[in-house]
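Thanks for making the time this morning.

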Amino acid sequence: MIADVLTDAGNRMDRAVESAKEDFASVRTGRANPQLFQKVLVDYYGTPTPLAQLASLNAPEARSLIVTPYDKSALKAIEHAIREMPNLGANPTNDGNIVRITMPELTEERRKEYVKLVRSQGEDAKVRVRGVRRKAKDDLDALKSDIGEDELARAEKDLDAITRAHVDAIDDALKRKEAELLEV
């Protein structure tokens, strides 16, 4: 029973760490990267659809990206969704067949804003991990009558170690992203 609770908590914490890494990848650095557009949702016939399902993305140059839609009727919607995406500062242009995106040069001020954003995302991820820990602790406390005090104390120590490892993984990813953002 204890192993099931700890395994479930570990899996849920793994998902929180992966989600944090995806969030970090969506914050741009000096290069245009198709991952920046993973969270762009396009209003496609009234349904919010991820951009990756509507178009292919290529990065022919360091600061430009080409979006080739599978359905040409979605060009305007794709262009609008990219323009409205916060934290990108992207300027899309539509030539009738493709959407060309030119990313502006990052200023020092903009880099610092991105660092603040990434730190906020990292803190949110840590809060999610701690929430999983709290739920697992409640589940362990519910098992208190079936298991002894010593077993419960050992399980809580294991849970704390799992939590610490996941928080450290988020911190490491955050440090790498901050260094990447501040690199000129």
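This is a predicted model: local features need pLDDT of at least 70, side-chain atom pairs count only at pLDDT 80 or more; totals for chains, interfaces and linings use all residues.

Let me begin with D43, which stands opposite P48 in β2. Residues are numbered from 1 along each chain as its sequence is written, and side-chain values use heavy atoms, with hydrogens and water left out.

Strands β1 (residues 41–44) and β2 (residues 47–50) pair in the antiparallel sense over four bridges; here two strands pair if DSSP finds at least two bridges between them, and the elements themselves are DSSP runs numbered from the N terminus, helices being H or I of at least four residues and strands E of at least two. The hairpin of β1 and β2 has two residues between the strands, and in it Y45 takes a positive phi near 55°.

Moving on to the sheet, four strands form an open arrangement in the order β3-β4-β6-β5, with antiparallel pairing. Its edge strands are β3 (55–61) and β5 (91–94), each of which pairs on one side only, and the twist averages 25° from one strand to the next. Within this sheet, β4 (residues 64–69) and β6 (residues 99–102) pair in the antiparallel sense over four bridges, and L65 stands opposite I101 in β6. Helix α3 (residues 75–84) packs on the sheet, touching β3, β4, β5 and β6, and its direction makes about 170° with that of β5. For that angle, axes are lines fitted to C-alpha atoms, for helices over the stretch in contact, and angles run from 0 to 180 degrees between N-to-C directions; contact means heavy atoms within 4.5 Å.

Leaving aside neighbours within four places in sequence, T163 is in contact with M13, V129 and R133, and a polar atom of its side chain lies 2.8 Å from the backbone oxygen of L159.

L159 comes up again with L6, which sits in helix α1 (residues 2–25) and touches A155, D158, L159 and I162, not counting residues up to four places away in sequence. L6 is also buried, at 12% relative accessible area.

Conventions:
A polar contact is a pair of N or O atoms within 3.5 Å; within protein, one must be able to donate a hydrogen and the other to accept it, and residues adjacent in sequence count only if both atoms are side-chain atoms. Buried means under 20% relative accessible area, exposed over 50%, partly exposed in between (1.4 Å probe, protein chains only).
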